[in-house]
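Q: Could you pick a single part of this model and give me a close look at it? Once that's done, carry on to whatever else in the fold deserves a tour.

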Amino acid sequence: MQLGRGQNAAGDVSHLHLILDHELDLTDFSAFMARGIDTRGIRKRWPEAAVNPTYAPFARSFRSRLGISTEGAQRLLHRTLSAKSLGSLDQLFRDYMLDTPSTFAMAERAVNQFHDLQEAHRVVVDARLQVEMLTPLVDLADTRRRGLESLQDTEEENAHLGAVHAEMTLSLLCGDRTERRALTPLLESGADEATAAAERARQETLDLTVKLEGIGGGRLATLHAQQDAELKTLARVRARRDRIAEAVSAWEGTVPGTAEEFARLRGQLEDQLRQASTTHEERFGDRYPLAEQRGTAQKERAALITDREIIARRRSNIDPGLLRARESICSAAGVPDDTVPFAGELIAVRDEHSEWTGPIERVLGGLGRTLLVPEEVYPAVAAAVDATHLGARLVYRRVRVGATPTTVPKTGALSLVRRVEVSDGPLAPWIHHHLADRYDYACVDTAAGFADHARAVTRAGQVKHSTERHEKDDRSRIDDRRRWVLGFDNETKLEDIRRRIADLDVTIAGVTSRLDALDREDQRIARQNRAAQTILDAQWADVDVSAAQAAVDAVDGRLDSWRQDNPEHSAVSADLELAKKAENEADAARRQADTALTVHRTALTELEARIAQAELDASETAPDAVDARIKARFQRFARRVTSDNIDRALFQVGQGIGKDRGEAQNAVSAAGASIVRILSQYLARWESRGGELRVDAEYVDDALAILQRLRSDGLPRYEDRFFQLLHDQSHRNIGELARTIRKAPAEIRSRIDPVNDSLRRSAFDTDRWLRIDVRERRSPAAADLLDDLTRITSGGWDVEQRPAAEERFERMAAVLERLASKEPADQRWQRQVLDTRLHVGFIGVEIDGAGEARNYHDSSSGLSGGQAQKLVFFCLAAALRYQLAPDGADLPRYGTVILDEAFDRADSAYTRRALDVFAQFGFHMVLATPLKLLGTLEEYIGGAVTVSIRDRMHTELSLIEFDDVGSA
C-alpha cells in the first residue's frame, strides 16, 4: 500500500498485491512509488509476478500456492492468530468458525426496501387525511347551496311580494264587490218597509195621545209636570246627601239629621280648615331636609356603585377618576393599561405593619397616584395626555429604567421604606431606588420622635418633611380606606365600598319611610279638607231628603184623586203605552235597517276605492314559481285569506320571508366560514394545491372535485400499491428473514458435523473422543422478534382484511425502525436477535468407544481456565484440520498455525496435551507466548526469537537456539 505526501485519509491509500517466487527488498519498489504506484512499471520489471490491484484475486492465488483450500479456511487461520482470549466453545464457534449470518444483510435489505413501502404508506395516509379533511365539505357545500338557493328564493319573493299581494287583494276585493252588489236590493227593500211601519206606529201613538189629553180638560198634564219636577228635586237632594255622607266618612262620621246638627258641623269644619292652613308650612319644613338628605345619600350611593364597578374590573386601589383617565390615555396611545401602572398599584404595606397603613398613605399617597410611564411609550402617552380631556388631575413620571442606579440608598430601621413591599417587574428597581431616595421617613409613635429624625411620620398622620416644613392633612380620617391607594389588590377597598353602600341603603330606606309617612299625612289632611269644603258648600235644604220626599208624596196624592174622578183615563193610558212600545220597536227596526243600508253603501264605496287602488298596484306580475311560493306562505298564515286579513297576512308573510332570509344568510355565512377554515387548513398543509384552490368559499366545488378524484381514483390506487408492496415485502423480506432465523440452528448443526467427523479421528483423552452438540438457546428478545415477524407475514391481503394488514404494517414499521436504529441499545438488540450464532449454544460431549456420553463440557458451566482452553484448542485444531486437509485426509496440506499468547492460562500438563493435539493433527506451530512457557514448549519447537523494546522506540530481535539454552 502507498500513501502520498500530504495525504492522510483512508481513501487516499493505494493498494497493489504481488506474488513472487523469489526474495526481494521493499526498497526495490521505491522507484515505482514516486507518483503513486506504477503498476505498469512493476509488471514490466517483474513479468513473472502475479500482480493484482484488488485483494480477492491475490488471495485466491496465494491460497492455491499454499494449499489453503477455501476462503473460510483462510479466515479461520486469521482468527486463530488472535485466539489468545478464547475461553469457551460458544466463543470459538461463534467468532472463529461460523461466518456472520446472512440475517444482517437481509435486515439491511428489508430496511432499505422499506423506504418505498413507507413512502407508499405516507401517500396513502396523506390521501386519507385529505379525504378526511375535505369530507365535511360535502355537507357544508350542500348546506351552502341550499342557503344560496333560499337566499335567491327569498330575494325573489321579497321583490315580488307586493305584486302578488296586490293581485291577491284585487281578486279578493272583486269577489267581495260582487257579493255586496247582490245584497244591495235586499237591504234597500228592507229599509223601505221598516220606514213605512215606523210611520204607521207613530201615527197611532199620536192619535191616542190627543185622545188622552182631551180627558179632564188638561189637568192631568199639569199634575204630571209637577210630579216630574218634584222627582227631579228629590233625586238632586239624595245625590247631594250621598256626597255629604262620603265627605263625612273622612272622619268616620254620619250625615247630621237636623238643621241644628248640620250648622254645628259646618262650624267645626271651618275651624279645621283654618288650622290645616296654619300647620301646612310646618309639615313642608319637615319634608325639605329629609328630601335633601335622601337625595344626597342617593347621589353618594350612585357614585359608590360607579366606583365599585370600575374598581372591580381591576385589582387597583387608585381613584376611579384616575383609572378612567388612564383608560382614555391608553386607548388613545394604543398601549395596554398594564404598561403604564400607577405607583400605588406596585407598592403595598407589608401585612406585619398593617397598623401603619394610614400614616404611610399620608406620605406615599401622592406618589401612589402618580402614573409611571416607561421611556419607550413616553412619546405616545404624552401626546395622548395632551389630546385627551381627562376629567381629573393627573401627575405622571417619565421613567428611564435603564438609567436607574444599581445601588439602592440605605434606610433606617424605622423607615417606612422597610414597611412596604414592591411588586416584581421592570419598574421595580426604579421604585426601590426612588422610595429609598425620596421617602425615607421614620415611623414614630408621636411628635416627640421628630427630634431624632430628619423626616418622619406619626401614627396620627403628622408628617415632618424637613426641619421647618410639617404637614397634617385631616380632610379625611386617617383610617378612611376610601382615600387609600396603595396595594396589590383592592379587595379590602371593595369590601369597604360594599359596606358603605349597604349603610346608605339603610339610610335611604329610613328617610324614604319617613317621607312616605309625611306624604300619607298630607294626603289624609288634603282629603279631609276637600271633604270639609264639600260640606261647607251645601245648605241644609240641599240635603233634607225628608222634605223633598214629602213634596213628591203630595203630588202623587193629587194624581191618585184625579184618576179616581176620571175612570176612562186608565183604558186610554193602557192603549197609549202599548202604542208607544210598538212605535219604539218600529222606530228601532227602521234605524237598524237604515244603518245597515248606510253601512253597506259606505263599505261598497270604500271597496270600489280599494279596487281602484289595487288595480293600480297590480300592474306587475310575478313569475309563476315565485307566485306559487308566496301564495303558499299566505295560506300558511290563515286557512282562508280574505280582504280583511290579507294586510295582516302581508306583514306576517314579509316577516317570514325576512326570517327565512336571515336564517339562509346565517347558514351561508356559517357554512362559508367553515369552508374557509377547512380550505385554509387544507392549503396550509397541502400547499401544492394552491394552483387549484383559494381560501374562498367559492372554491368549494373545486375542493369537492379534488375529493371526488381522491375517492374514486387517487386513494384506491395508492392503497392498492401500498398493499401490494406490503404483501411483497412482508413475504419476500420479512418472511425470508423469519425462515432464516428459524432454520439457523439446523444449518449450524450441519456446519458442525464435519468438525465432529474431524474430532472422531483423534482421541480427546484416554479412550475418550469429543463431540460437539448444538443446543438452541434463543433469547426472549429473539423469540419476540420471531413472533412479530410471524404476525407480520400471517393473514390475508384482500380488501376485507386490509385494516388488519395495515396493523401488520405498523408492527412491521416498528420492527424495521428498530433494526435501522443507530442507538447503542438498539444495536445491541439487533445483534441479539439477528446474530443466529447467539441463538444456539455449543456443548462438548466426551464419548467412549461405544459412543456413550461420559462427560459434558458446557460453555455456560464453570470450567477452569486450563480445562476450557484445552477443550477449545482441541476443537480449534479439529476445525483447522477439517478446513485445511483434503477430503478424507488425516493431515492438512497447509500446516502452519500461528498462535498469539497461546496457553498463557493453562498449566504445563494441559499445554503439552494441547500441543500434542496440534502435533497429532499435523500442524506446525508458530507461537507467541510469555517466557515462562519456554520450558514447557521446548520439546515441541526448534527455536525461539525474543523481542525487546527499548525506550518504547527501538525493537531488538534475538534468535535463541534451544541447545544453547540448555548448555547455558
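**Gln830 and beyond**

A: Let's start with Gln830, which touches Phe104, Arg818, Leu819, Ala820, Ser821 and Asp835, leaving aside residues up to four places away in sequence. Keep in mind that this is a predicted model. Gln830 is found in helix α22, which covers residues 824-834. Buried or exposed, then, for Gln830? Gln830 counts as buried because its relative accessible area is 12%, and the cut-off is under 20%.

A polar atom of the Gln830 side chain lies 2.8 Å from the backbone oxygen of Arg818. For the backbone oxygen of Leu819, the distance to a polar side-chain atom of Gln830 is 3.1 Å.

Next, strand β12. It runs over residues 840-847, and eight of its eight residues are buried. In general, side chains in a regular strand alternate between the two faces of the sheet. Here, Val840, Phe842, Gly844 and Glu846 point one way, while Gly841, Ile843, Val845 and Ile847 point the other way, and all are buried.

What pairs with β12? Strand β11 (residues 769-776) runs antiparallel to β12, joined by eight bridges, with Trp769 standing opposite Ile847. Strand β13 (residues 853-858) is also antiparallel to β12, this time over five bridges, and there Gly844 has His857 as its bridge partner. Five residues sit between the strands in the β12-β13 hairpin, where Gly851 takes a positive phi near 85°.

There's an open sheet elsewhere in the chain numbering, too. Its four strands come in the order β7-β8-β9-β10, with mixed pairing. β7 (442-444) and β10 (470-471) are the edge strands, each pairing on one side only. β10 pairs antiparallel with β9 (residues 463-464) over two bridges, and Val463 stands opposite Glu471.

Last stop, the largest pocket, with a volume of about 770 Å³. Of the 28 residues lining it, Arg362, Gly365, Gly366, Arg369 and Asp473 lie nearest its centre. Helix α10 (residues 357-368) supplies the largest share of that lining, seven residues. By class, the pocket's lining has eleven charged, ten nonpolar and seven polar residues.

Definitions and conventions
Residues numbered from 1 in each chain as written. Predicted model: local features only at pLDDT ≥ 70, side-chain atom pairs only at ≥ 80, totals over all residues. Heavy atoms only, no water. Buried < 20%, exposed > 50% of the residue type's maximum accessible area, 1.4 Å probe, protein only. Pairing = 2+ DSSP bridges. 1 Å grid on protein atoms, 1.4 Å probe; cavity = no way out; pocket = protein on both sides within 12 Å on 5 of 7 lines; lining within 4 Å. Points joined across faces, edges and corners; volume = space filled by probe spheres on them. Nonpolar A, V, L, I, M, F, W, Y, C, P; charged D, E, K, R; others polar. Polar contact = N/O pair within 3.5 Å; in protein donor to acceptor, adjacent residues only side chain to side chain. Contact = heavy atoms within 4.5 Å.
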